[in-house]
Amino acid sequence: MLNYYSYPHTTSKEWVTFVHGAGGSSSIWFKQVRDFKKHFNVLILDLRGHGDSKPTLKDTFNVKYTFDSITHDIVEVIDYLKIKKSHFIGISLGTILIRNLAEKRPELVKSMIMGGAIIKMNFRSQVLMKVGNIFKSVVPYMMLYKLFAFIIMPKKNHKKSRSLFVNEAKKLYQKEFLRWFKLTSEINPLLRFFRTKDIKIPTLYIMGAEDHLFLPSIKNIVSKHVTSSLFVVDNCGHVVNVEQPETFNNQTIHFITSLKI
């Protein structure tokens with residue numbers, strides 16, 4: 001089972017589950033846990049191969065990761081803790097896992113908060129992934145990761161986010177990085193399906209105004225999906241919860257508490 005940390009609240013019955021992105025860990029939510037545990041029961045976890053969720057013997061023989069298998073890891077923790085329903089907050093690739101979880105087990109999901117969400121790979125991000133696929137076996141993975149981090153978060157004020165994710169990625173094994181990278185082969189059809197289907201679960205997209213790769217497609221999807229809303233954070237890049245934690249926390253806590261579910 002994945003490594004996780006839970007913070008029970010003395011009176012609240014609401015659960016909030018945080019899902020990090022590729023190369024991160026549960027530690028990226030440290031500025032959220034402090035505020036959220038004042039209001040809700042909180043669950044943070046390390047995805048397989050990340051943080052303290054070390055690769056198992058089973059993973060050694062399971063050469064291919066899929067979005068479904070990684071989503072199942074999250075559900076396994078939810079079921080183990082007997083959490084009947086939760087609000088889910090994700091960042092970057094974690095938003096794809098949350099959306100996939102909502103498709104597979106909608107009864108578990110009260111709402112979705114998607115930070116730095118990925119709903120479509122534009123031309124630049126497609127090229128980035130293809131270049132990575134070509135060189136992934138010959139170029140040290142940290143060199144590739146640093147390049148990706150710089151392209152996604154290029155500005156001076158994104159430096160803190162870049163550094164955090166690069167430092168977390170250093171804890172990954174080379175094989176683990178390659179397994180996660182191979183997920184990109186199934187990402188396009190999955191995102192295409194998500195774009196065409198409004199799942200009717202309250203969803204808040206919270207995006208940095210400088211998230212140049214992903215913000216345009218989110219604006220488009222929010223205009224089509226009636227249960228979705230968008231909040232854009234000024235002077236902010238892809239990793240909104242790290243760059244602008246106070247704004248992120250205020251907006252997301254307000255969103256959850258305003259829901260009449």
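User: Happy to look at this predicted model with you. How many of the six residues of strand S6 are buried?

Analyst: Good place to begin. Strand S6 covers residues 203–208. Buried here means under 20% relative accessible area. The strand is largely enclosed by the rest of the structure, because the number of its residues that are buried is six of the six.

User: Which residues of S6 point the other way from Thr203, Tyr205 and Met207?

Analyst: In a regular strand the side chains alternate between the two faces of the sheet. In S6, Thr203, Tyr205 and Met207 point one way and are buried. The residues that point the other way, also buried, are Leu204, Ile206 and Gly208.

User: What is the bridge partner of threonine 203 in S7?

Analyst: Let's walk across the strands. S5 (residues 109–115) runs parallel to S6 and is joined to it by four bridges, with methionine 112 partnered by threonine 203. S6 also pairs in the parallel sense with S7 (residues 228–233), over six bridges. There, the partner of threonine 203 is serine 228.

User: Which helix does the chain pass through from S6 to S7, and what is the handedness of the crossover?

Analyst: Between these two strands the chain goes through helix H10, residues 215–222. This makes a β-α-β crossover, and its hand is right-handed.

User: Which strands stand at the edges of the sheet?

Analyst: The open sheet has seven strands in the order S1-S3-S2-S4-S5-S6-S7, with mixed pairing. Each edge strand has a single partner strand, so one side of each is left without a neighbour in the sheet. On average, neighbouring strands are turned by 15 degrees against each other, direction ignored. The edge strands are S1 (4–7) and S7.

User: What is the bridge partner of valine 19 in S4?

Analyst: S2 (residues 15–19) and S4 (residues 86–91) pair in the parallel sense over four bridges. For valine 19, the partner in S4 is glycine 90.

User: At about what angle to S6 does helix H12 run?

Analyst: Two helices are handy to view together. Helix H3 (residues 67–80) lies across S1, S2, S3 and S4, at about 145 degrees to S3. Helix H12 (residues 245–258) lies across S2, S4, S5, S6 and S7, and its angle to S6 is about 170 degrees.

User: Which residues have the most contacts inside the largest nonpolar core?

Analyst: In soluble globular proteins, nonpolar side chains tend to be buried together. The largest nonpolar core here has 73 residues. Isoleucine 74, leaving aside neighbours within four places in sequence, is in contact with residues including Val19, Leu45 and Phe88. Those with the most contacts inside the core are Trp29, Phe36 and Ile74.

Methods:
Residues numbered from 1 in each chain as written. Predicted model: local features only at pLDDT ≥ 70, side-chain atom pairs only at ≥ 80, totals over all residues. Heavy atoms only, no water. Buried < 20%, exposed > 50% of the residue type's maximum accessible area, 1.4 Å probe, protein only. Pairing = 2+ DSSP bridges. Right-handed = clockwise from strand over helix to strand, strands pointing away. Axes fitted to C-alpha atoms, helices over the stretch in contact; angles between N-to-C directions. Contact = heavy atoms within 4.5 Å. Core = buried A, V, L, I, M, F, W, Y, C linked by side-chain atoms within 4.5 Å.
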